[in-house]
Amino acid sequence: MAYLKWQDGYLARIGNMSNEQLLNEVIGAANGDDQDGEFTSRGRWEFDALEKELRKRLATWLDEKKS
């Protein structure tokens with residue numbers, strides 16, 4: 001899937017975050033990004049990308065704990 005330049009940059013930024021930074025970003029972004037606490041289309045995309053990365057890292061961590 002081809003992403004826009006800002007999306008590629010955001011995904012790269014997420015990939016470079018520590019687990020703690022990622023968790024803080026997810027918690028902060030969960031409030032939405034507009035004045036009413038909802039998401040703009042860009043905010044929804046960013047939050048979904050953050051959540052996807054967090055779930056990926058947690059799955060890896062949980063698999064390690066099972067071993």
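From the N terminus on, the elements of the protein chain run α-α-α, which is to say that the chain has three helices and zero strands, where helices (H or I, at least four residues) and strands (E, at least two) are DSSP runs numbered from the N terminus. The model is a predicted one, in which local features need pLDDT of at least 70 and side-chain atom pairs count only at pLDDT 80 or more, while totals for chains, interfaces and linings use all residues. Residues are numbered from 1 along each chain as its sequence is written, and side-chain values use heavy atoms, with hydrogens and water left out.

**Exercise 1. Overall dimensions and burial**

Task: State the span of the C-alpha trace along its principal axes, and the percentage of residues that are buried.

Solution: Begin with the C-alpha trace, which spans about 45 × 30 × 20 Å along the principal axes. Then turn to burial, for which buried means under 20% relative accessible area, exposed over 50%, and partly exposed in between (1.4 Å probe, protein chains only). By these cut-offs, buried residues make up 24% of the 67 residues in the chain.

**Exercise 2. The largest pocket**

Task: Give the volume of the largest pocket, list the residues that line it, and find which helix supplies the largest share of the lining.

Solution: The term comes first: on a 1 Å grid over the protein atoms alone, a pocket is an open set of points where a 1.4 Å probe fits, with protein on both sides within 12 Å along at least five of seven lines, and lining residues have an atom within 4 Å of a point. Grid points are joined across faces, edges and corners, and a volume is the space filled by probe spheres set on the points.

The largest pocket holds about 200 Å³ of space. Its lining consists of Tyr3, Leu11, Ile14, Gly15, Trp45, Asp48, Ala49, Lys52, Glu53 and Lys56. Both H1 and helix H3 (41–66) supply at least two residues each, and the largest share, six residues, comes from H3. Sorted by class, the lining has five nonpolar, one polar and four charged residues, where Ala, Val, Leu, Ile, Met, Phe, Trp, Tyr, Cys and Pro count as nonpolar, Asp, Glu, Lys and Arg as charged, and the others, Gly among them, as polar.

**Exercise 3. The second largest pocket**

Task: Describe the second largest pocket by its volume, its lining residues and the classes into which they divide.

Solution: About 160 Å³ of space lies in this second largest pocket, and the residues lining it are Asn19, Leu22, Leu23, Leu54, Arg57, Leu58, Thr60, Trp61 and Glu64. Helix H2 (19–29) and H3 are the elements that give two or more residues to this lining, with H3 giving the most, six residues. By class, the lining residues divide into five nonpolar, two polar and two charged.

**Exercise 4. Met1**

Task: Locate Met1 relative to helix H1, and decide whether this residue is buried or exposed.

Solution: Met1 lies in the segment before helix H1 (5–15). With a relative accessible area of 85%, Met1 is exposed.
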